[in-house]
Amino acid sequence: MNSTAALSLVNTTLDYPDGAGTVTALDNVSLCVEAGQFLSLVGPSGSGKSSLLATAATLVRPTGGLVLIDGTDTSALAEKERTALRREKIGIIFQQPNLLPALTAAEQLVIADHLRGRALRAARGKAAELLDVVGLGAEAHKRPHQLSGGQRQRVNIARALMGRPTVLLVDEPTAALDHERSEAIVRLLRRITDEFSVATVMVTHDTEFVPLTDAVATMRDGRLTAAIPSIH
Ligand code: ADP
Ligand code: MG
């Protein structure tokens with residue numbers, strides 16, 4: 001195990017209550033992702049991919065094993081400390097952007113930082129910079145209904161970067177997009193992983209985009225195969 005990895009899961013198990021028994025969503029999963037590494041996570045529906053992301057995001061506490069973020073053992077932390085660490089270190093991007101309908105693209109980002117207790121002025125500057133990074137510099141004043149699906153997902157990505165995360169967790173970011181827009185989103189995530197040196201894990205059903213990432217790991221019945229390096 002490399003304790004300096006941005007994200008490490010060590011023998012992580014997650015059981016959900018299921019009637020009188022339990023269902024094992026993660027079965028002794030171990031995984032290491034370094035800064036600047038982009039990992040694809042594939043596998044059939046119900047195999048535990050979203051459970052792995054939720055556990056890595058510290059949104060769900062594992063039944064057993066460890067989740068280390070930047071070397072910090074999150075299982076030892078109280079709920080309040082976990083929330084603070086999540087805000088500081090983890091960017092989460094789900095399939096649906098979940099933007100607030102009344103706010104402009106820039107405001108979605110500023111609010112995210114405001115919730116972290118940051119100064120408004122600095123947040124505005126950073127929001128403008130990150131909207132540029134995702135190619136929406138000219139769209140900063142638009143509200144969600146004035147943006148395309150791909151543009152909304154870019155706002156979502158920019159928002160996840162506001163906290164300058166160490167780890168970026170992405171669940172099926174292209175599920176609602178056509179092929180061309182999907183590829184553009186994965187290419188953007190590749191560039192962000194490199195430029196911001198984040199450790200990125202992306203769940204995807206599109207194995208076609210795996211070559212844009214560094215490695216692919218497969219989940220089956222809660223078990224994870226070792227990550228196989230991609231051929232570029
Ligand atoms: P995937 O993302 O690969 O489709 P999930 O992680 O969503 O898989 O689900 C893995 C297993 O855990 C499935 O059997 C699913 O039914 C179960 N599961 C997921 N979330 C919950 C939950 N909140 N409560 C109970 N069971 C759950
Ligand atoms: Mg899922």
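By class, the shell around ligand 1 in this predicted model holds six polar, four nonpolar and one charged residues (Ala, Val, Leu, Ile, Met, Phe, Trp, Tyr, Cys and Pro count as nonpolar, Asp, Glu, Lys and Arg as charged, and the others, Gly among them, as polar). The shell consists of Tyr16, Val23, Ala25, Pro44, Ser45, Gly46, Ser47, Gly48, Lys49, Ser50 and Ser51, a residue being near the ligand if one of its heavy atoms lies within 4 Å of it.

Polar contacts are pairs of N or O atoms within 3.5 Å. A polar side-chain atom of lysine 49 is 2.8 Å from an oxygen atom of ligand 1. Polar backbone atoms also take part: that of glycine 48 lies 3.1 Å from a ligand oxygen, and that of serine 47 lies 3.2 Å from one. Of the 560 Å² of accessible area that ligand 1 has on its own, the protein covers 59% (Shrake-Rupley method, 1.4 Å probe). Strand S2 (21-33) and helix H1 (49-56) are the elements giving two or more residues to the shell, and H1 has the largest share, with three residues. Helices (H or I, at least four residues) and strands (E, at least two) are DSSP runs, numbered from the N terminus.

The largest pocket has a volume of about 560 Å³, the space filled by probe spheres set on grid points joined across faces, edges and corners. A pocket is an open set of points on a 1 Å grid over the protein atoms alone, where a 1.4 Å probe fits, with protein on both sides within 12 Å along at least five of seven lines; lining residues have an atom within 4 Å of a point. The lining has 20 residues, with Ile92, Ala112, Leu115, Arg116 and Arg159 nearest the centre. Ten of the lining residues are nonpolar, six polar and four charged.

The chain averages a pLDDT (predictor's confidence per residue, 0 to 100) of 93.

Residues are numbered from 1 along each chain as its sequence is written, and chains are lettered from A and ligands numbered from 1 in the order written. Local features need pLDDT of at least 70, side-chain atom pairs count only at pLDDT 80 or more, and totals for chains, interfaces and linings use all residues, while side-chain values use heavy atoms, with hydrogens and water left out.

Notes:
Polar contact = N/O pair within 3.5 Å; in protein donor to acceptor, adjacent residues only side chain to side chain.
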